[in-house]
Amino acid sequence: MRALVLPRLAAIVAVAALTGCGSQFELPTEARTGRTIPPDGSYQMLATWTGMDGIQDILLTQGSGSQLFLLFNTGGAGTTPRGSVREYSRTTGLAVDQPFPGLFNPVALCVGNNGRSVGNNAVFVLDQGDTCLARLNPATQSCDTTGRWGQRITQLQYFWRVSEHDLFGAAQGGFTDTTMSFVQGITADDRGGVYISGLAVILLPTTDPRLLERTFEFRVHRYVRGLRSDGTSDPSVLPLGSWHRDTEFEIRQGTGVGSVVEPRGIHWSGTAGPALFVADLGNFRAEKVRDGTTPLGTDRYYHTTDFFGAPALTEPVDVTAEPTGFFFVADAGGQVLRYEDATRSYVQRVDVEPNAYGLPLVRPVAVGADGDLAYVADRGAGQVIRYRRRS
């Protein structure tokens, strides 16, 4: 049995002892006393967890025994780790386990299948790495082009990667893909596939058939364990033979339904699909797109800009779906919205109530939700806000 982290508990005791008239309570608080709670289906603010500086992503696993994982990223330069992931109590906001090992610059996480047994039993962390460190010029020890340096990858350990962990955080391997130059979002399905959003290196033909032109375009790619269908390893996916990119599936750059411009958070859903939900920052929308396995028909895919009465999204950066058929979008412009897949409609704003200090969200960057609860990562305030839907 894992024990609560003692320093965090000590902090609660210390703050509680010092809290008095005019002092600010800087740890998880409840704000319900003396309030009338109408059964209107709106969201009630339950608690404000402070001291969450650098909060970047939230993962709330679904079903019996669900777990809450928080990802922090404080930025920085050099080779010092810039973030961490660990499990937290769903009710108190206290860490219940040690940080995941081996992370450098984590930016997103998801839950999926480990390829060995049934169910969602693995946590995947997207580590963005550091492009400059990875492409260091040996002659100058900088990421420049001195001496006609072509900025090839020289330090693979600082290139982006996916790290796989069990539900207790133990490392289980991972992979990278040298044809993806920059990554931003991750999700996984219940069959062992992992999806990555970001910038891909694209080779285009030129007027000279001997030459190809290199450019960059936004993509969502899917990765599958093991060798390719012809029994060979994928030369771009490392370590060789552990995973390969599914070349029969990709979401391409564009403005129509089923295409993206700067996809950020992504989420695979079996309930509302199977399909992918994408926070499409460049198109100012969220959308539902195919996942490459079971086609649902063109009438089942959409984007939220067509939803009647839906507020405009100014900076959609994260999306999550829950088992009852609803999905949520974190708009870093200052709102978290709930939609229904079955009716393709906007339902409500989650953050109608202020936090425990009477303040609105500053910069919500991630949301985790199930049928009743929603957790919002407010990076601008260094807080996680816990909401419950009124029945």
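**Charges over rings.** I looked up Arg222 in this predicted model and found that Arg222 lies over the face of Phe249, at 5.1 Å from the ring centre. I then turned to Arg338, whose charged end sits over the ring of Phe326, 3.8 Å from the centre of that ring.

**Aromatic pairs.** I examined Phe124 and Trp243, which form an edge-to-face pair with 6.4 Å centre to centre and 85 degrees between the planes. Phe124 belongs to strand S7 (residues 122–127) and Trp243 to strand S14 (residues 243–251), so this pair ties together parts that are 119 residues apart in sequence. I checked the accessibility of both partners: Phe124 is buried, at 1% relative accessible area, and Trp243 is buried at 4%.

I next recorded Phe327 and Tyr339, a stacked pair with 5.0 Å centre to centre and 15 degrees between the planes. Their pairing links distant parts of the chain, with Phe327 in strand S20 (residues 326–331) and Tyr339 in strand S21 (residues 335–340), twelve residues apart. Phe327 is buried, with a relative accessible area of 1%; Tyr339 is buried as well, at 0%. I asked myself which residues the ring pairs link into a cluster. I noted Phe277, Tyr302, Phe307, Phe327, Tyr339 and Tyr346 as its members.

**Disulfide.** I searched the whole structure for disulfides and found one. This bond joins Cys132 to Cys143, with an S to S distance of 2.1 Å. I read the angle about the S-S bond as -90 degrees, and the link of Cys132 and Cys143 is left-handed. The pair links distant parts of the chain: Cys132 is in helix H2 (residues 131–134), while Cys143 is in the loop between H2 and strand S8 (161–165), eleven residues apart.

**Three-stranded sheet.** I traced an open sheet of three strands in the order S3-S4-S5, with antiparallel pairing. Its edge strands are S3 (55–60) and S5 (83–88), each of which pairs on one side only. I noted an average twist of 15 degrees from one strand to the next. S3 and S4 (residues 68–73) pair in the antiparallel sense over five bridges. Within this part of the sheet I located Ile58, which stands opposite Leu70 in S4.

How values were computed: Residues are numbered from 1 along each chain as its sequence is written. This is a predicted model: local features need pLDDT of at least 70, side-chain atom pairs count only at pLDDT 80 or more; totals for chains, interfaces and linings use all residues. Side-chain values use heavy atoms; hydrogens and water are left out. Two strands pair if DSSP finds at least two bridges between them. Helices (H or I, at least four residues) and strands (E, at least two) are DSSP runs, numbered from the N terminus. Axes are lines fitted to C-alpha atoms, for helices over the stretch in contact, and angles run from 0 to 180 degrees between N-to-C directions. A disulfide is a pair of cysteine sulfur atoms within 2.5 Å. Rings of Phe, Tyr and Trp (its six-membered ring) pair if their centres lie within 6.5 Å; planes under 30 degrees apart count as stacked, over 60 as edge-to-face and the rest as tilted. Buried means under 20% relative accessible area, exposed over 50%, partly exposed in between (1.4 Å probe, protein chains only). A charge sits over a ring if NZ of Lys or CZ of Arg is within 6 Å of the ring centre and within 35 degrees of the ring normal.
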